[in-house]
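Open the model in your viewer and keep the sequence panel beside it. This tour goes stop by stop: what to select, then what is there.

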Amino acid sequence: MRRRALLTRLLLVTVLLPGPVRAAELSVFAAASLADALGEIAAAYERESGDHAVLNLGASSALARQIQEGAPADLFLSADEEKMNALEKRKLLLPGTRKSVLSNTLVIVVPDDSRLKITGAKDLASPGIRAIALAEPQSVPAGIYAKEYLKKIGIWSKVIDRVVPTENVRAALAAVESGNVDAGVVYKTDAGISKRVKIAYEVPRAEGPVISYPFAVVAGSARPEAARRFLEYLQSPAALAVFRKYGFLVLGG
Amino acid sequence: MRLALRNIRLPLAHFEFQVDVEVTRQVTALFGPSGSGKTTLLDVLAGLRRPASGSIEIEGRTLTDTAAGLHVPVRDRHIGYVPQDGALFPHLSVRGNLLYGRRRDPEGIHTLPVEHVLDVLDLAPLLDRGIGALSGGEKQRVALARALLSSPRLLLLDEPLAALDDELKRRVLAHLQRVRDELRVPMLYVSHSTGEVAALCHEVLILDRGRIVARGEPQDLF
Amino acid sequence: MTAGDWQVVGFTIRVAALATLLILPPGLLVAWCLARLHWPGKSVVETLVALPLVMPPVATGLILLKAVGRRGPIGRLLGELGIDVVFTWRAVVLAMAVMSFPLLVRTARVAFEGVPVRLEQMARTLGAGEVRLFFTVTLPLASRGVLGGLLLSFARALGEFGATILVAGNIPGRTTTLSLAIYQLVQLGRDDQAYRLMAFTVVIAFATVWWSEWFLRRARRP
């Protein structure tokens, strides 16, 4: 009897105590471009709430595909609306949790030792450039944005033979860092974290494509409440400050 | 024929091969129990194995001299070899096998005419056959002719009749006698059989545990 | 199958065939050395050759990327000659070649070891030099095993993914092979198209491996 009472008390304590004791482990599927900012925010959140966010980073297209196939995700942080639409259409999002939070800017980067003269995006079509890395332009958001922009300024058909599509935007950045391509089109936030590339040209907000990062809780989440709490935290002033520090633009802010 | 093996030494698994001998007769038999080092002696002569020390000289030409660091490559020794199973090339026809090593002796003395060799060994009807279609006796005749056509200064025969039945043995032996008498090729003939040795050889060397323990003419020894 | 599908299939077969042909001479050389020669440090070479077989393909790809990348030692040299490797079809061939090299070497080595040393020795006594001996005796007798190994390497090359995606990327119409295309199509959610290509790879792989096994089975027969 006494043992049973003790057990009940222990259980109660476990349920009611705040902090690490009732910690949840959250599976967060996030666009690769969010990696560094999100890592910092997740660490701060864990210190504050005890909840541990496991980040699964990759191309939003690949992540959306994994969620469609039943991957155990609690939150999805996409780099474009289209991927989120696809999940919403299949009723894979927890209704009412979707929110577009961030935006970004496209930049043209070159290896830090590059001697290429690039003063505008149209210079990507100049003969000195043999290979341009960008995220896969059919499915990965960063690639779709880059293609959209290059089409808009009329050089897509000229550069298409030089395009080296990569798995995700960070892989495009890595290809530029390694010097294996002459230039790359990535997010400004990616260029900011690398010391081995330099920004040759920043696409003005007005000319570039509309970039937005929608966040949502996944319908199949086993911990929807913990997921909601982290989603809220991601929109807190503290988190948004971190996003801004890395160069993201905060929508509606 | 003058073949001289001087102080040939080669450690083997169970004894040391140790031979010092000079051979002058046209056909000499190497006689002895299995594992006495007969095949080793042939391999050393052909250059397939290098002795630890010693020298080999044939007709005044040095083939091996460990003291001088000399070892004439196998292909330049002009020593023919007929191993026990013939070792014919299975992917070539009889003709392909025969012509594989056809060459003239650079010194001109040992070159045998193709027709003559084919005639002595009665091979003309077999030329277009595959190796798989030959009987044991035919195989040995082809192996013999293949070695002869490469114009050897010495022919090594390693129990060429061992695998044949008595009737075939008798017939191939007759061919070997013709090779001896008509083609006049010097031979070193390894055998277990006193009958073969008596029918073919001028002199016998008896080998035991890597040493020559006796030598003489066949009629004196057997 | 669409025109794009056929392009991918044709490209994959072409680069895999080229890779297999490229590794043939060095593969046979290494296999022959391993089968016939003994030297100190042989086991190191054996291990090195087997490495791509057991290492994660992506790790092999990374090593290649560092070596032939524009800033890598080999890539820099080739760059000065005006030859781009990374993210071109050449990189696909390179990745495939490196990944299938061990398979060719392993099978060819076994095939060479199956050729009786005695036959090679006889060829030498018949005056054949090492090169002639290799092409007229060793290679023909090992040919079934070598062909089996060649087909196996080809099949391995067809399916290469990990190393290819690192050094060659996945550039539609230029470096996209069957495996990369299937992966890409799954990412895009075009499963039906992926299934079509998958069915095709199964057919090619099955036919190649079956044919290879047929050669290897016949090679084991005497």
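Select Thr111(B). Buried or exposed, or in between? Thr111(B) counts as partly exposed because it has 15 C-beta neighbours inside 10 Å. The cut-offs: 20 or more other C-beta atoms within 10 Å of a residue's own make it buried, 12 or fewer make it exposed, and anything in between is partly exposed, with C-beta atoms placed from the backbone. This is a predicted model, in which local features need pLDDT of at least 70 and side-chain atom pairs count only at pLDDT 80 or more, while totals for chains, interfaces and linings use all residues. Residues are numbered from 1 along each chain as its sequence is written, and chains are lettered from A and ligands numbered from 1 in the order in which they are written.

Stay on Thr111(B). It sits in the loop between α2 (94–100) and α3 (114–121) of chain B. Helices here are DSSP runs of H or I with at least four residues, strands are runs of E with at least two, and both are numbered from the N terminus. Leaving out residues up to four places away in sequence, Thr111(B) touches Arg104(B), Asp105(B) and Ser151(B). Contact means that two C-beta atoms, placed from the backbone, lie within 7 Å.

**Chain B: a covered strand**

Select β3(B), residues 27–31. Five of its five residues are buried. Val27(B), Ala29(B) and Phe31(B) point one way, and Thr28(B) and Leu30(B) point the other. In a regular strand, side chains alternate between the two faces of the sheet.

Next, show the partners of β3(B). Strand β9(B), residues 187–191, pairs with β3(B) in the parallel sense over five bridges. Strands count as paired if DSSP finds at least two bridges between them. Thr28(B) stands opposite Leu188(B) in β9(B). Strand β10(B), residues 203–208, also runs parallel to β3(B), with four bridges. There, Phe31(B) has Ile206(B) as its bridge partner.

Most residues other than glycine have a negative phi. Asn7(B) counts as partly exposed because 13 C-beta neighbours lie inside 10 Å.

**Chain A: an open sheet**

Move to chain A. Which strand order does the sheet follow? Six strands run β2-β1-β3-β10-β4-β11, forming an open sheet with mixed pairing. β2(A), residues 52–58, and β11(A), residues 249–250, stand at the edges with a single partner strand each, so one side of each has no neighbour in the sheet.

Zoom in on β11(A). It pairs with β4(A), residues 99–103, in the antiparallel sense over two bridges. Leu249(A) in β11(A) is the bridge partner of Ser103(A).

Then pick Lys91(A), in the loop between α4 (81–89) and β4 of chain A. Its phi is near 60°, again positive in a residue other than glycine. Lys91(A) counts as exposed because it has 9 C-beta neighbours inside 10 Å.

**Chain C: helices**

Show chain C. It has ten helices and zero strands. Its C-alpha atoms fill a box of roughly 65 × 40 × 30 Å along the principal axes. Of its 222 residues, 47% count as buried.

Select α3(C), residues 57–68, and α5(C), residues 89–113. Their axes are 11 Å apart, and the packing angle is about 130°. The two helices are therefore oblique to each other. From α3(C), Pro57(C), Thr60(C), Gly61(C), Leu64(C) and Val68(C) meet Leu94(C), Ala95(C), Val98(C) and Met99(C) of α5(C).

**Between chains**

Finally, colour by chain. Two pairs of chains are in contact, and chains B and C share the most contacts. Chains A and B do not touch: their nearest C-alpha atoms are 51 Å apart. Where chain C meets chain A, twelve residues come from chain C and 13 residues from chain A.

Notes
Axes are lines fitted to C-alpha atoms, for helices over the stretch in contact, and angles run from 0 to 180 degrees between N-to-C directions. Angles under 35 degrees count as roughly parallel, over 145 as roughly antiparallel, 65 to 115 as roughly perpendicular and the rest as oblique.
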